[in-house]
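Student: I have this one open and would like to go through it. Where do we start?

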Amino acid sequence: MTTSHSQSASGATPGSGRVLALMVLGAVLLQMMPLASSRQEAGKPPPPAPRTWSNVMYLGGVAGIRGKSLDWKNRLTVSASAIRFEGTGKQPIRFEISTASIRAMDYSGHKRGNADNGNFIGGLAGGLIGSSIKSTDHYVLLEYLLPDGSPSAVLLRLHKDNQEEIIAALRAVIPATEAGPAR
Amino acid sequence: MTRPAAGALLSLMLLAMPCVTADAVAQEPVQCGPEDEKNEIVKPKNKQTVPAPSPGKAMVVVMYKGIMGKSYQVKLSVDGQWRAVLKKNQFSFFEIDPGVRRLCWGGRVAKRDDNYLLLTAQTGRTYYILGTFRDGITELDSKDAQKFTSDYDYVTFAVR
C-alpha cells in the first residue's frame, strides 16, 4: 500500500516512469541527430569544382544527336551535376548528360603501331628502332539512362595530355557503386 | 646449340617482343566483326527501296562512297558482327534491335577513330550511315542519304 501511495503521490505508475525515461532518451537522441548529420556533412569532401578541357572527340551515341565531332577543339566540362560537350564547326554538336543518370564508365587504351595488325615483320622492324608502339588512343564510354529509363551511351576520344585528368574527374562525379571497372 | 646460334635466337626473341606485348595490350573501344570471316557480295537483280523497320526494330542503311580506282570490300559491324559488306557505290540495309549499338567500319580501310560510331537506336527509326575510304563512317539525315540510295546499287552478302 505504501508503495502504491507514494506512486500516486508522485503522479506516476511504474509503466509511466519507463515511458517518461524513453521519451527523455528519444528527445536527447533527436537533439543529437542534426548534430551528427552536420558533422557528417562537414567530414564529406565538397563536390569537385567544374573543369573544362579541349582536345576531346565525340564518336556518337547520344540519343537524338546525329553525327560525330572529330575536331580536337571540342570542349568537355565535367561538374558534379553534369557532363557537358560543346562541339565546334558550322553545326556544332552540343549535349549535356546528368551525372546522376550515368550507370557505367569504361576506359580503353588502344595502342597503335607496327604490330597493330599482327604484322610480325612490322614488329621486328619496330624492335630494331626501339619500340613497335607509335601511340595510344584513349577512349571512354559512358553508359547512362534517358529520362524514360531506356539506355543510352556516349563514346569520347580523349587526348594523351588530358586523359588521366578527365578519367579522374569522371570517377569523382559518377555514382561510385555504378562505375564500371577501368580497363 | 652453338653459341652464335643461341645468340641469334635470343636476338630474334628480343626483336619480336614488342610485337607480342603490343598485341596483348591493344584494346579497341568498339569490337569489330571477326577478322577471319570471308564474305561474298550478292547483287539482287531487282532495284530495292529501303522498307520501314518491322515493329519493335530500327533500320540501318549503309552506303559506301568509294574513291577512284580499284574498289575493295568494306564492312560494317554492329556489336561485333558483320552486318553489311560493300564495294564502292553500293548500299545495303538491315534491321537492328533498339538500344545502344556499337558500329565499326572495317575491311580494306585504315584503322582510325573515324571507324567507330555509337548509335542509340530507337524503335521505328531509320539510321543512314555513310562510309568513305578516308573518313570512316558518319550518320546522315534521310534527305542527304536518298541521293546515295537512288544512285547506288543495293547489295547483300553471304559468308564464304
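Tutor: With a term: helices (H or I, at least four residues) and strands (E, at least two) are DSSP runs, numbered from the N terminus. Chain A has four helices and eight strands. This is a predicted model, in which local features need pLDDT of at least 70, side-chain atom pairs count only at pLDDT 80 or more, and totals for chains, interfaces and linings use all residues. Residues are numbered from 1 along each chain as its sequence is written, chains are lettered from A and ligands numbered from 1 in the order in which they are written, and side-chain values use heavy atoms, with hydrogens and water left out.

Student: In what pattern does chain A run along the sequence?

Tutor: It reads α-α-β-β-β-β-β-β-α-β-β-α.

Student: And what is the secondary structure of chain B?

Tutor: Chain B has two helices and eleven strands, in the pattern α-β-β-β-β-β-β-β-β-β-α-β-β.

Student: What did the predictor give for the complex?

Tutor: An ipTM of 0.80 and a pTM of 0.74. For single residues there is pLDDT, the predictor's confidence in each residue, from 0 to 100. Chain B has a mean pLDDT of 86, with 83% of its residues at 70 or more.

Student: Where in chain B does pLDDT stay under 50?

Tutor: Over residues 14-25 of chain B. The model has 22 contacts beyond four places in sequence for that stretch, a contact being heavy atoms within 4.5 Å. Where pLDDT is low, the predicted coordinates should not be read in detail.

Student: New topic. How much of chain A counts as buried?

Tutor: Of its 183 residues, 35%. Buried means under 20% relative accessible area, exposed over 50%, and partly exposed in between (1.4 Å probe, protein chains only). For chain B, 43% of the 160 residues count as buried.

Student: Which residues touch the most other members in the largest nonpolar core?

Tutor: Leu142(A), Val154(A), Leu156(A) and Leu170(A), in a core of 27 residues. A nonpolar core is a set of buried Ala, Val, Leu, Ile, Met, Phe, Trp, Tyr and Cys residues joined through side-chain atoms within 4.5 Å. Among the elements of chain A that give two or more residues to this core are strand S7 (133-145), strand S8 (151-158) and helix H4 (163-173). The largest share, five residues, comes from H4(A). A second, separate core has 23 residues, including Val78(B) and Trp105(B). In soluble globular proteins, nonpolar side chains tend to be buried together.

Student: What is Leu142(A) in contact with?

Tutor: Leaving aside neighbours within four places in sequence, its contacts include Ile83(A), Met105(A), Val154(A), Leu170(A) and Ile174(A).

Student: Now Tyr116(B): buried or exposed?

Tutor: Tyr116(B) is buried, with a relative accessible area of 4%. It lies in strand S7 (residues 116-121) of chain B. Beyond four places in sequence, Tyr116(B) is in contact with residues including Leu59(A), His110(A), Tyr139(A), Pro29(B) and Ile137(B).

Student: And Glu139(B), why does that count as buried?

Tutor: Glu139(B) counts as buried because its relative accessibility is 11%. It is in strand S9 (residues 137-140) of chain B. Its contacts beyond four places in sequence include Ile65(A), Arg66(A), Gly67(A), Arg125(B) and Tyr128(B).

Student: What about Pro46(A), buried or exposed?

Tutor: Pro46(A) is exposed, at 66% relative accessible area. It sits in the loop between helix H2 (14-43) and strand S1 (51-53) of chain A.

Student: Back to both chains. Which residues line the second largest pocket?

Tutor: Lys68(A), Leu70(A), Asp114(B), Leu130(B), Thr132(B), Asp135(B), Gly136(B), Ile137(B) and Thr138(B). On a 1 Å grid over the protein atoms alone, a pocket is an open set of points where a 1.4 Å probe fits, with protein on both sides within 12 Å along at least five of seven lines; lining residues have an atom within 4 Å of a point. Strand S8 (126-132) and S9 of chain B each give two or more residues to the lining.

Student: Last one: what is the phi of Asn55(A)?

Tutor: Asn55(A) has a positive phi of about 60° although it is not a glycine. Asp79(B), also not a glycine, has a positive phi of about 50°. Most residues other than glycine have a negative phi. Asn55(A) lies in the loop between S1 and S2 of chain A, and Asp79(B) in the loop between strand S3 (74-78) and strand S4 (81-86) of chain B.
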